[in-house]
Amino acid sequence: MMHQQSLFETPKNEPLASRMRPRNLNEFVGQTHLLGENKLLRKMIESDNISSMIFWGPPGVGKTTLAMIIARETKSEFINFSAVTSGIKEIKKVMEDAEKNKSLGVKTILFVDEIHRFNKAQQDAFLPYVEKGSIILIGATTENPSFEINNALLSRCRVFVLKELSNNDILSLLKNAITDEKGFGKDKVEIKEDDLKVIASFSNGDARCALTTLDMVVTNADIKEDGSIMVTKNTIEDCLGKKTLLYDKNGEEHYNIISALHKSMRNSDPDAAVYWLSRMLEAGEDPIYISRRITRFASEDIGLADTNALNVAINVYHACHFIGMPECSVHLTEAVIYMSLAPKSNACYNAYLSASSDAKKMLLEPVPLVIRNAPTKLMKELNYGKGYQYAHDCKDKLTTMECMPPSLIGKTYYNPTSQGNEGRFKNRLDAIKQWKNNHKND
């Protein structure tokens with residue numbers, strides 16, 4: 001449902017994340033690629049030359065706040081419109097109000113959160129008003145707008161990609177919340193920087209999550225005799241669980257545990273693999289990161305021994321992206337068990353390492369004339385493509401044509417194992433080599 005509001009309302013007892021909402025560009029943290037000095041979006045705001053746009057980025061990076069700042073800087077009416085609860089009727093009512101504002105010389109910024117949740121008819125309802133300039137539409141989405149927003153509407157909006165906040169960005173926000181009077185500046189909160197770093201790491205780039213966590217931690221902290229508030233590791237343990245303190249997503253333990261997961265799968269130990277997976281997830285590790293590592297494993301340690309392993313890994317990656325935690329934990333479990341039980345081969349991995357080593361030493365090795373393209377008369381006169389043998393014209397779909405540079409003729413990179421499906425590839429490769437050997441004098 002639509003909500004027309006005064007910008008940056010701060011009623012009593014408002015959550016910390018709302019109290020600390022930036023009010024101008026100078027207070028806004030992150031997105032320097034868009035809002036830094038002389039960057040495009042900043043220049044558009046400062047010159048009051050705003051057009052309809054889409055903010056695409058993960059949760060908690062400031063999409064709503066940035067829209068509110070734009071409205072304030074450009075002296076526009078700001079209407080917050082929820083894609084979850086609003087329909088065509090509500091859209092028409094908002095447009096009528098926007099038309100009235102326009103006749104009075106007042107611009108209307110219509111902010112639509114989760115715009116990807118609108119169906120085609122709802123999105124199309126905005127089109128005539130965006131085209132006429134009755135409203136400046138700012139949509140926010142965590143999904144790829146190319147797939148989730150109608151082409152007609154998307155073509156009329158500029159897309160800005162907002163990036164996940166860094167741990168340093170989050171740490172800066174937390175420090176400010178401790179000292180700023182809008183936050184805990186009046187409460188004399190004592191908290192070590194290392195503990196703020198734990199909260200920053202736990203938030204996973206989400207400013208709202210970080211501030212909400214800090215709010216919870218301070219609210220549950222010990223009050224000293226002088227009235228000051230003391231936040232200790234015990235306080236954070238109680239609020240977040242001891243697991244958070246034992247797993248630094250940027251430190252050594254992070255790499256130790258992902259190594260343990262990888263090596264457990266390689267050793268065909270599904271129980272150990274599921275254990276290390278759960279250690280990572282329960283400590284707040286990003287499931288997308290884990291799914292990427294599993295995808296790498298599928299080719300590095302399984303490869304052609306089970307060609308379905310990569311399909312499983314990619315499907316699980318999409319499942320994690322689609323539904324997130326905690327639901328995607330079962331998909332990741334399925335993946336690590338599959339990888340653990342699949343036949344193993346590192347032949348593809350070794351093939352690339354060996355070829356890469358030669359390629360680095362022989363970057364200027366010329367392509368044999370026989371397999372060069374010859375799109376021009378001059379190239380044909382220079383014997384480009386001369387003697388090329390088209391495999392599909394041959395009975396066995398094989399030729400004796402040499403595709404390696406002369407200095408590498410006879411060099412072998414791919415040495416298949418007999419594990420799983422790769423046994424079939426090994427037999428096929430052996431047959432191809434035997435055929436070429438038998439026909440080399442033809």
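## Terms and model

Buried means under 20% relative accessible area, exposed means over 50%, and partly exposed lies in between, with a 1.4 Å probe and protein chains only. This is a predicted model, in which local features need pLDDT of at least 70 and side-chain atom pairs count only at pLDDT 80 or more, while totals for chains, interfaces and linings use all residues. Residues are numbered from 1 along each chain as its sequence is written, and side-chain values use heavy atoms, with hydrogens and water left out.

## Salt bridges between helices

The structure holds 16 salt bridges, a salt bridge being a side-chain nitrogen of Lys or Arg within 4 Å of a carboxyl oxygen of Asp or Glu. Among them is the pair of D195 and K233, whose side chains meet at 3.1 Å, N to O. D195 lies in helix α10 (residues 193-203) and K233 in helix α12 (residues 233-240), so the pair ties together parts that are 38 residues apart in sequence; helices here are DSSP runs of H or I with at least four residues, numbered from the N terminus. D195 is buried at 2% relative accessibility, whereas K233 is partly exposed at 42%.

E99 and K132 also form a salt bridge, at 2.8 Å from N to O. Since E99 belongs to helix α5 (residues 88-103) and K132 to helix α6 (residues 120-132), this pair ties together parts 33 residues apart in sequence.

## A pair within one helix

D358 and K361 form a salt bridge in which the closest N and O atoms are 3.8 Å apart. Both residues lie in helix α19 (residues 347-361), where a spacing of 3 residues separates them by about one helical turn. D358 is buried at 8%, but K361 is exposed at 63%.

Definitions and conventions:
Helices (H or I, at least four residues) and strands (E, at least two) are DSSP runs, numbered from the N terminus.
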